[in-house]
Amino acid sequence: MLVLLFITLSLFFNGVFFPGHTLFSNDGPLARLMAESHKLPERFTGCWQDLNSAGYREPGAMPDISYGLLLLLKPVAFSKFYALTALLVLGLGAWCFFRQSGLAPPACILGGLAAVFNSTFFSDACWGTAGHCIAVGMVFFALAALVNSSSSHPWLRVILAGLAVGIAVTEGADFGAIFSLFVAAFILYWSWFDGASRGMNLTVGAGRLALVAICAAVVSAQALSDLVATNVIDVTTPKLGAHTPAERWDWATQWSLPKQETLSLVMPGIFGFRTDTPNGGSYWGKIGRDPAWIRFDENGQTGPKPDGFPRYTGSGYYAGVTAFLIALWTALQALRRKGSVFNLAERRMLWFWLAMGAGSLLLAYGRNAPFYGLVYRVPGFSMIRNPVKFLDVVSFSIVVLFGYGVDGLWRRHVQPAESRATPRGSVLDGGSRIAPGFDQNWVRGCALVLALSVFAWIIYAVNQDSLQEYLRHSEFSEAYATAIAA
């Protein structure tokens, strides 16, 4: 309800008090939406983009939420409300997933808010790729349908999950396809623990996966066709086929996450925000850095400067300090064999998303670590560009861990004393109860991290000159380097 209230008020203020204003959109500008070649409903039968030279074929409009909104609202109103509507779908999807997982109402509401305000998704919406937020929301809805297999009509829930995954692929293209792989893994993993017989569990899981895949394929058939045409056929043309394997690798991994920029998940703007953010907020990290620049730096910056991007990003990957701390607390609780606030079924859920988040972070490093190179060799995987996309799965996992963490804290510390005496999950593995030692160690650990953070801040502050020198050698002017360092 808080998510709905927030989005409703945002829509009201944007549409009523500021009727002449539209939200900025890099990947979906208003002029493009109003172009004759993109006019709806004609675009549903195909699109020829004639704004450049003779033009070129573009994918036709798809029967999804985004184009439905565009057809209903028209370009101006759509540009105002698209991002906010996508965030509403995302927040409600997260709320529904937590609700179906049996979490307390405060955990469901706060989990939905954590998804809405996670900068990975929020910045996607503002950047003009709000379809990614809708795709993530649909993934949440799919998991909500799958997580409670003991309810009535379980196979109807599987069909609904497949339809939701299909919409996610339609809205997110290769982004949605990546998430669909994690949904497939979840189906098999969750089915494995669904009954007493492992063999029967595997058979049922395979059946669920097949039904989800069929339903998703029916819904996303047009999107899959366009995805194959643009991401497979187009990149295997003679021109690109003549490129060397090293050039293909550079093309696929240009947008990789430098390992030090993992700090952006918990420290907003430590490497800046957008490349055009004023007052020292310019992005100065290395996401989107053309590999030619990397080789230029390795050669001592001798010779002509490369023509490619020295850096390029329009996203922020800040998860929120509170969300991250609670997610970390949840992860540690999930890894405890005895005395965890979570019962076994909950820990199994958390194990899965903890593994998916950690694995996705390693893949997000792309060319900066050896892990992406291992899956890059899988047939078809090399057609997916930009490993940094896997940070969306990391953020998804953090939101899930956060929601469960709020539920665990709520049950343990906020519920009435009579129900708190024997909280769900407090007696596990032979009757051992929650031990206060974990809480004491947690407080000590937080104090240690705080002390190290203050020390790191001091080191950072006294090295302003070195930072400015680094920025000047990273294609920033003296004025920009000074502003960023400040």
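What is the handedness of the crossing of α8 and α15? The crossing of α8 and α15 is right-handed, a crossing being called right-handed if the near helix is turned clockwise from the far one by less than a right angle, and left-handed if it is turned anticlockwise.

## Basis of the model

This is a predicted model, in which local features need pLDDT of at least 70 and side-chain atom pairs count only at pLDDT 80 or more, while totals for chains, interfaces and linings use all residues. Residues are numbered from 1 along each chain as its sequence is written, and side-chain values use heavy atoms, with hydrogens and water left out.

## The chain as a whole

The secondary structure of the protein chain comes to 21 helices and 2 strands, where helices (H or I, at least four residues) and strands (E, at least two) are DSSP runs numbered from the N terminus. Of the 486 residues of the protein chain, 47% count as buried; buried means under 20% relative accessible area, exposed means over 50%, and partly exposed lies in between, with a 1.4 Å probe and protein chains only. Among contacts (heavy atoms within 4.5 Å) between residues at least 6 apart in sequence, 69% join residues at least 24 apart.

Two packed helices are described by the angle between their axes and the distance between the axes. Axes here are lines fitted to C-alpha atoms, for helices over the stretch in contact, and angles run from 0 to 180 degrees between N-to-C directions. Angles under 35 degrees count as roughly parallel, over 145 as roughly antiparallel, 65 to 115 as roughly perpendicular and the rest as oblique.

The axes of α8 and α15 come within 12 Å and cross at roughly 150°, which makes α8 roughly antiparallel to α15. On the α8 side this contact is made by F182, A185, F186, Y189 and W190, and on the α15 side by A345, R348, M349, W351, F352, W353, M356 and S360. By class, the contact of α8 with α15 has 11 nonpolar, 1 polar and 1 charged residues; Ala, Val, Leu, Ile, Met, Phe, Trp, Tyr, Cys and Pro count as nonpolar, Asp, Glu, Lys and Arg as charged, and the others, Gly among them, as polar.

With helix α6 (residues 131-147), helix α8 (residues 174-192) has an axis approach within 10 Å and a crossing at roughly 10°, and α6 and α8 are therefore roughly parallel to each other. The crossing of α6 and α8 is right-handed. Residues H132, A135, V136, V139, L143, L146 and V147 in α6 meet F175, F179, V183, F186, I187 and W190 in α8, and the residues of this contact divide into 12 nonpolar, 1 polar and no charged.

The axes of α8 and helix α17 (residues 391-414) come within 10 Å and cross at roughly 50°, so α8 and α17 are oblique to each other. The crossing of α8 and α17 is right-handed. F175, I178, F179 and F182 of α8 make the contact with D392, V393 and F396 of α17, giving 6 nonpolar, no polar and 1 charged residues.

Helix α7 (residues 154-172) has 19 residues and reaches 27 Å from its first C-alpha to its last, close to the 27 Å expected at 1.5 Å a residue, the expected span being 1.5 Å times one less than the number of residues. The buried residues of α7 include V158, A161, V165 and E171. R157 lies in helix α7 and is buried, with a relative accessible area of 18%; not counting residues up to four places away in sequence, R157 touches Q100, A144, A145, N148, S151 and S152.

A173 lies in the loop between α7 and α8. A173 has a positive phi of about 55° although it is not a glycine, and A173 is partly exposed, with a relative accessible area of 33%. Most residues other than glycine have a negative phi.

## Other local features

N386, in the loop between α16 (371-376) and α17, also has a positive phi, near 70°, but N386 is buried, with a relative accessible area of 16%.

Helix α14 (residues 321-334) has 14 residues and reaches 20 Å from its first C-alpha to its last, close to the 20 Å expected at 1.5 Å a residue. The buried residues of α14, among them I326, W329 and Q333, pack against α15 (344-364), α17 and α19 (436-461).
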